[in-house]
Amino acid sequence: MYGRIRTMTRRELRENTFVMLFHKEFHDIDEMKEQFELYFEKKAPMSEKDETYVSERVYDILSKLNEIDSDIEEASESWTVSRMSKIDLSIMRLAYYEMRFDESVPLQVAINEAVEIAKLYGGDNSPSFINGVLGKLAKNGKCV
């Protein structure tokens, strides 16, 4: 079994998707292909299926970014997306995408997973801030 690439769990896929969304904060969209190549090269070996899943998910989120950011900004009341932590924003973008556009992910799972990622990568207030914004988005009726 040595050298065999295992399939990632949904949590691992979600975390890798978050990391690549975060990369987008520092690179233009036309640089993302190269960023994916570099990331997949440095990261522990990922199956081609998992690489495809992560990259397709990121590009789909990016294609809906204006809509996602508008809804996040509305739900966060006095915060604009430009003032938010880039980590928190990347986590919320992924979670809200799952809540709104991915019927295979239950709302509560998307929120819980976002809070867990925030505990690993965000600041002290990130989990509660993200939970609050995503909770408001869940109540707004736009989610699947």
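Colleague: Let's start with Glu-116: what is its relative accessible area?

Modeller: Glu-116 comes out at 33%, so it counts as partly exposed. That label covers values between buried (under 20% relative accessible area) and exposed (over 50%), using a 1.4 Å probe and protein chains only. Keep in mind that this is a predicted model, where local features need pLDDT of at least 70, side-chain atom pairs count only at pLDDT 80 or more, and totals for chains, interfaces and linings use all residues. Residues are numbered from 1 along each chain as its sequence is written, and side-chain values use heavy atoms, with hydrogens and water left out.

Colleague: Which residue does Glu-116 form a salt bridge with?

Modeller: Lys-119, with N and O 3.2 Å apart. A salt bridge here is a side-chain nitrogen of Lys or Arg within 4 Å of a carboxyl oxygen of Asp or Glu. Lys-119 is exposed, at 53%. Helices are DSSP runs (H or I, at least four residues), and they are numbered from the N terminus.

Colleague: How many salt bridges does the structure hold?

Modeller: It holds 14. Another one joins Lys-33 and Glu-37, whose closest N and O atoms are 3.9 Å apart. Those two are 4 residues apart in helix H2, so that's about one helical turn again. Lys-33 is exposed at 57%, while Glu-37 is partly exposed at 45%.

Colleague: What about Glu-113, buried or exposed?

Modeller: Buried, at 12%. Its side chain meets that of Arg-11 in a salt bridge of 2.9 Å, N to O. Glu-113 is in helix H6 and Arg-11 in helix H1, so the pair ties together parts that are 102 residues apart in sequence. Arg-11 is partly exposed, at 43%.

Colleague: Which residues are linked with that pair in a network?

Modeller: Arg-14, Arg-57, Glu-98 and Asp-102 belong to a network of salt bridges with Arg-11 and Glu-113. Glu-113 and Arg-14 are 99 residues apart in sequence, yet their C-alpha atoms are 8.3 Å apart in space.

Colleague: New topic: which residues touch the most others in the largest nonpolar core?

Modeller: Val-58, Ile-72, Met-99, Leu-134 and Leu-137, out of 40 residues in that core. Each of H1 (10-24), H2, H3 (48-63), H4 (65-75), H5 (86-101), H6 (107-121) and H7 (126-139) supplies at least two residues. H5 gives the most, with 8. A nonpolar core means a set of buried Ala, Val, Leu, Ile, Met, Phe, Trp, Tyr and Cys residues joined through side-chain atoms within 4.5 Å.

Colleague: And where do I find Glu-77?

Modeller: Look in the loop between H4 and H5. Glu-77 has a phi near 55 degrees, which is positive even though the residue isn't glycine. Most residues other than glycine have a negative phi. Glu-77 is also exposed, at 60%.

Colleague: Last one: which residues form the negative surface patch?

Modeller: Asp-28, Asp-30, Glu-31 and Glu-34. Glu-34 lies in helix H2, residues 32-42, and is partly exposed at 49%.

Notes: Patches are made of residues with over 30% relative accessible area and no salt bridge: like charges are joined within 9 Å, nonpolar side chains (Val, Leu, Ile, Met, Phe, Trp, Tyr) within 5 Å. Accessible areas come from the Shrake-Rupley method with a 1.4 Å probe; for residues, only the protein chains shown count as cover. Lys and Arg count as positive and Asp and Glu as negative; His and the chain ends are not counted. The place of a charge is taken as NZ of Lys, CZ of Arg, CG of Asp or CD of Glu.
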